[in-house]
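Work through the following exercises with the sequence and the model side by side. Each task is followed by a solution that goes step by step.

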Amino acid sequence: MRLGINLGYWGAGMDADNLAVAKEADRLGYSVCWAAEAYGSDAATVLAWVAAQTERIDVGSAIFQIPARTPAMTAMTAATLDTLSGGRFRLGLGVSGPQVSEGWYGVRFDKPLARTREYVEIIRKAMSRERLTHTGEHWTLPLPDGPGKPLKLTVHPVREHIPLYIAAIGPKNLEQTGEIADGALLIFFSPEHAEETTLGALRAGREKAGKTLEGFDVVPTVPLAVGDDVDALADTFRPYTALYVGGMGSRKQNFYNKLAQRMGYEKEAAEIQDKYLSGDKEGAAAAVPRRLIDSTTLLGPVDRIADRMRAYAEAGVTTLSLTPAGFTLEERIAALRSGVEALERSGVA
């Protein structure tokens with residue numbers, strides 16, 4: 001199992017610190033540095049900035065939002081980033097959510113699975129540098145009855161195959177991800193519930209493609225907080241968990257809430273959502289079960305974190321992407337170093 005670092009979003013006043021974290025992760029031997037986007041900082045610019053100031057660490061989008069770019073534009077960006085970074089780019093994709101897709105990009109959040117499959121098909125065709133033609137439900141290239149003609153990508157990526165990941169939560173998305181991608185970007189991954197919530201669906205998708213999970217990158221992003229007071233550390237993640245389980249998406253369409261339900265927290269997930277959507281964010285945070293936090297984060301002293309890392313590895317995780325907690329750069333750097341120490345003690349590197 002390898003370690004990654006997830007920087008999340010930029011533009012919140014900590015950009016210099018984020019770059020320092022990325023550079024330290026590079027020095028420590030982390031395998032990949034991911035950057036996110038929603039409706040603020042874009043991931044492509046951040047990754048170019050990080051790649052220019054690091055040497056070995058891969059840079060990856062977690063994620064490029066599918067409604068934000070045409071598939072051909074995404075292929076261009078991926079090829080450019082791979083070239084500029086010397087072959088260190090990983091392409092992570094996701095459909096985002098209905099609020100962002102329709103409210104920010106003006107793109108209907110309809111048929112996300114079919115749209116993702118078609119998007120990936122076009123990207124792979126463009127990246128192969130064959131002349132781009134496609135006839136599908138969502139895209140037709142070139143447009144019919146016009147001046148467009150099939151074009152070929154002019155950029156030569158460093159590698160013939162750039163690893164492609166999809167952010168997936170629901171069973172159908174996970175199955176399709178196993179079928180068409182090289183890896184899965186996961187959140188709120190619990191080793192204790194890995195098979196029924198994640199790996200079973202991924203394995204079914206791999207079988208559809210005539211493959212196994214061998215060589216498929218299973219990549220959960222996991223918050224990391226190092227210290228002796230495990231209860232206090234868990235409490236720091238209550239607002240984070242409540243935001244996703246209670247407030248991310250609508251009452252009817254919250255993927256994270258449904259994931260918590262599949263882990264066995266049906267009653268608790270409903271309570272968290274009711275309180276969060278009614279404006280009681282503190283009550284929602286208080287309603288988050290400690291067990292849910294503990295099973296989806298890395299908390300406590302280094303030895304305890306090492307034990308949890310073994311559980312992640314045994315559950316099938318191949319790249320563990322950490323989000324180190326801390327209000328200062330020094331705290332985040334210390335957590336990064338503790339992550340490496342814990343991995344060494346775990347014996348699963």
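Rings of Phe, Tyr and Trp, the last taken by its six-membered ring, form a pair if their centres lie within 6.5 Å. The model examined here is a predicted one.

**Exercise 1.** Name the residues that ring pairs link into a cluster, and state how many aromatic pairs the structure holds.

*Solution.* The structure holds 12 aromatic pairs. Through such ring pairs, Phe188, Phe237, Tyr240, Tyr244 and Tyr256 are joined into a cluster.

**Exercise 2.** Determine which kind of aromatic pair Phe188 and Tyr244 form, and decide whether each residue is buried or exposed.

*Solution.* The pair is edge-to-face, with 5.6 Å from centre to centre and 65° between the planes. Because Phe188 lies in the loop between strand S9 (183-187) and H7, and Tyr244 in helix H9 (residues 238-247), the pair ties together parts that are 56 residues apart in sequence. Phe188 has a relative accessibility of 7% and so counts as buried; Tyr244, with a relative accessible area of 14%, is buried as well.

**Exercise 3.** Describe how helices H6 and H7 cross, and list the residues that make the contact.

*Solution.* The axes of H6 (residues 171-180) and H7 (residues 194-208) come within 6 Å and cross at roughly 45°, which makes H6 oblique to H7. The crossing is right-handed. On the H6 side the contact is made by Pro171, Leu174, Glu175, Thr177, Gly178 and Glu179, and on the H7 side by Thr197, Thr198, Ala201, Leu202, Ala204, Gly205, Arg206 and Lys208. These residues divide into 5 nonpolar, 5 polar and 4 charged.

**Exercise 4.** Characterise the surroundings of Thr177.

*Solution.* Thr177 is in helix H6 and, at 0% relative accessibility, counts as buried. If neighbours within four places in sequence are left aside, Thr177 is in contact with Ile166, Ala168, Gly183, Ala184, Leu202 and Phe216.

Notes
Residues are numbered from 1 along each chain as its sequence is written. This is a predicted model: local features need pLDDT of at least 70, side-chain atom pairs count only at pLDDT 80 or more; totals for chains, interfaces and linings use all residues. Side-chain values use heavy atoms; hydrogens and water are left out. Axes are lines fitted to C-alpha atoms, for helices over the stretch in contact, and angles run from 0 to 180 degrees between N-to-C directions. Helices (H or I, at least four residues) and strands (E, at least two) are DSSP runs, numbered from the N terminus. Angles under 35 degrees count as roughly parallel, over 145 as roughly antiparallel, 65 to 115 as roughly perpendicular and the rest as oblique. A crossing is left-handed if the near helix is turned anticlockwise from the far one by less than a right angle, and right-handed if clockwise. Contact means heavy atoms within 4.5 Å. Ala, Val, Leu, Ile, Met, Phe, Trp, Tyr, Cys and Pro count as nonpolar, Asp, Glu, Lys and Arg as charged, and the others, Gly among them, as polar. Rings of Phe, Tyr and Trp (its six-membered ring) pair if their centres lie within 6.5 Å; planes under 30 degrees apart count as stacked, over 60 as edge-to-face and the rest as tilted. Buried means under 20% relative accessible area, exposed over 50%, partly exposed in between (1.4 Å probe, protein chains only).
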